[in-house]
Amino acid sequence: MKLDKYQPRKLKKESQMYVIYARKSSESEDKQVASVQSQLDALQDIIKSKGLQVVETFTENKSAKKPGRPEFNRMVKTLNERKIKGIICWKPNRLFRNPQDEGIVRQLLSDGTIKEIVTPTKTYSADDSDFLMAIEGAQAQRFIRDLREDTKRGMQS
């Protein structure tokens with residue numbers, strides 16, 4: 001009797017590839033000019049210290065208060081098509097500031113499409129995709145609402 005088929009199979013090594021996402025809120029060139037580059041510079045330290053392999057970088061100069069950012073959507077498509085371990089970003093609020101995009105990111109973690117989101121201060125995993133990411137999303141959305149109200153009040157003064 002041949003036992004080969006009962007021998008443990010070598011598991012394929014999990015992908016160690018990551019994508020970077022960096023975004024600044026303003027689309028005008030005179031505002032937050034260094035924001036995207038400073039995010040990318042800061043992320044290099046994490047990439048080097050953790051030995052992460054980056055396969056693609058997505059950058060965007062667009063507000064995330066509404067869905068429909070082209071580079072974010074392109075990144076999500078890439079994550080769904082390729083075996084990528086995670087996203088490297090400055091903070092979760094760079095990824096989302098609206099409920100739809102928040103849900104997309106949380107679902108990517110929850111269903112295992114990606115394993116983690118790496119930031120300078122924390123690595124988020126599927127275990128964080130429900131409660132912690134929901135809090136982060138609510139904070140980002142509250143920031144937008146408060147900013148809108150403060151701007152209106154300032155313009156009326």
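**Close-up views of a predicted chain**

**View 1. Helix α4 and its span.** Helix α4, covering residues 99-110, has 12 residues and reaches 16 Å from its first C-alpha to its last, close to the 16 Å expected at 1.5 Å a residue, where the expected span is 1.5 Å times one less than the number of residues. Helices (H or I, at least four residues) and strands (E, at least two) are DSSP runs, numbered from the N terminus. This is a predicted model, in which local features need pLDDT of at least 70 and side-chain atom pairs count only at pLDDT 80 or more, while totals for chains, interfaces and linings use all residues. Residues are numbered from 1 along each chain as its sequence is written, and side-chain values use heavy atoms, with hydrogens and water left out.

**View 2. The ends of α4.** Just after the helix, Gly 112 takes a positive phi of about 85°.

**View 3. The open sheet.** Five strands, in the order β2-β1-β3-β4-β5, form an open sheet with mixed pairing, two strands being paired if DSSP finds at least two bridges between them. The edge strands are β2 (53-61) and β5 (123-125), each of which pairs on one side only, and the twist averages 20° from one strand to the next. Strands β1 (residues 17-24) and β3 (residues 86-88) run parallel and are joined by three bridges; Val 19 stands opposite Ile 87 in β3.

**View 4. Helix α1 across the sheet.** Helix α1 (residues 35-50) lies across β1, β2, β3, β4 (116-118) and β5, and runs at about 155° to β1. Axes are lines fitted to C-alpha atoms, for helices over the stretch in contact (heavy atoms within 4.5 Å), and angles run from 0 to 180 degrees between N-to-C directions.
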